[in-house]
Amino acid sequence: MSNRAILLIHCPDQKGLISIITKFLWDRNANVVDLDEHADTELGVFFCRVEWEAEDGLDQKRLEEQFQAEIADRYEMIWKVYFTKDKTRMGLFVSKSNHCLYDILFRAQQKGWPFELPLIISNHESNQQIAERFDIPFFAFEVTPENRAEVEKQQIGLLQEYQVDFIVLARYMQILSPSFVKQFPNQIINIHHSFLPAFPGARPYHQAYERGVKIIGATSHYVTEDLDAGPIIEQDVVKISHKDEVADLVRKGQDLEKIVLSRAIWAHIHRKVLPYGNKTIIFD
């Protein structure tokens with residue numbers, strides 16, 4: 001795919017914003033290939049994603065300076081431009097479960113998934129052989145309440161060394177500290193079952209089985225200081241019947257976790273997610 005530029009915007013809603021944005025691009029001979037917008041009438045906020053073909057030799061810095069001076073300042077826009085030629089770099093955090101790990105490793109090798117996976121971080125050594133099989137550096141840390149701050153300092157150092165852009169918690173069973181989360185606002189993606197706040201803690205599928213639930217689900221979201229209450233990116237559910245045993249719930253739940261997490265990653269790396277407050281706008 002040719003290099004494309006993607007502009008994400010939110011600002012106070014008013015008439016003519018789409019015309020103003022597209023006129024700015026038209027004046028620079030940009031060929032818009034996708035435009036999606038939404039106006040939240042209750043909040044009075046305008047959200048927009050514009051994608052256009054970026055010509056070779058485009059001066060990104062000059063484009064950004066002109067957009068800020070001519071449009072963004074006047075209309076109080078919060079915005080950012082991304083380029084598809086710049087592959088985003090993922091830091092992957094795992095514990096013992098590896099169903100999401102295997103799925104991400106598979107997708108990392110497929111065309112159409114424009115991300116790089118420079119390292120894997122874990123609080124167990126059990127998945128080291130998997131990382132070695134895929135020739136990805138693997139770093140394991142034993143995490144305790146006493147050493148958590150020092151471990152997170154080392155982990156952040158690794159993420160900076162490997163120039164990581166965003167983090168995926170692929171069933172990483174450790175709570176990140178508020179100071180860690182603040183380093184990566186809306187850049188940490190988590191996956192978990194969708195029972196919360198019901199059936200918290202260990203063995204949620206066993207609890208759901210005992211309760212006789214008829215659906216189970218998975219949720220992927222950005223991590224905030226409020227644990228599992230961050231802005232939701234993707235969710236899905238699957239039906240359960242009286243014939244399903246605990247093993248069936250676990251199997252179906254893990255399958256759902258993989259696909260929901262992959263959808264969230266896809267949306268994130270294609271710049272289709274625009275967080276606002278504790279919600280997200282997911283562009284088509």
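The model is predicted, so local features are given only where pLDDT is at least 70 and side-chain atom pairs only at pLDDT 80 or more, whereas totals for chains, interfaces and linings use all residues. Residues are numbered from 1 along each chain as its sequence is written, and side-chain values use heavy atoms, with hydrogens and water left out. The pLDDT, which is the predictor's confidence in each residue on a scale from 0 to 100, averages 93 over the chain, and 99% of the residues score at least 70. Confidence is lowest in α7, at a mean of 87, and highest in strand β8 (residues 166–169), at 98.

**The four-stranded sheet**

Helices (H or I, at least four residues) and strands (E, at least two) are DSSP runs numbered from the N terminus, and two strands pair if DSSP finds at least two bridges between them. Four strands form an open, antiparallel sheet in the order β2-β3-β1-β4, with β2 (31–40) and β4 at the edges, each pairing on one side only. From one strand to the next the twist averages 10 degrees; here axes are lines fitted to C-alpha atoms, for helices over the stretch in contact, and angles run from 0 to 180 degrees between N-to-C directions.

Strand β1 (residues 4–12) and β3 are joined in the antiparallel sense over nine bridges, with A5 opposite W52 in β3. The antiparallel pairing of β2 with β3 also has nine bridges, and in β3 the bridge partner of E37 is C48. These two strands, β2 and β3, form a hairpin with four residues between them, and G44 in the turn has a positive phi of about 70 degrees.

**The seven-stranded sheet**

Seven strands form an open sheet of mixed pairing in the order β7-β6-β5-β8-β9-β10-β11. Because β7 (138–140) and β11 (232–239) each have a single partner strand, one side of each is left without a neighbour in the sheet. The twist in this sheet averages 20 degrees from one strand to the next. Strand β5 (residues 88–94) pairs in the parallel sense with strand β6 (residues 115–122) over six bridges, and L92 has I120 in β6 as its bridge partner.

**Helices on the sheets**

Contact means heavy atoms within 4.5 Å.

| α1 (residues 17–26) | β1, β2 and β3 | about 25 degrees with β3 |

**The pockets**

On a 1 Å grid over the protein atoms alone, a pocket is an open set of points where a 1.4 Å probe fits, with protein on both sides within 12 Å along at least five of seven lines, and lining residues have an atom within 4 Å of a point. Grid points are joined across faces, edges and corners, and a volume is the space filled by probe spheres set on the points.

The largest pocket holds about 820 Å³ of space. Its lining has 37 residues, with R171, Y172, M173, I191 and H192 nearest the centre, and β9 gives the most to this lining, with four residues.

The second largest pocket has a volume of about 640 Å³. Of its 25 lining residues, F83, T84, D86, P114 and I269 are the closest to its centre, and β4 gives the most to the lining, with four residues.
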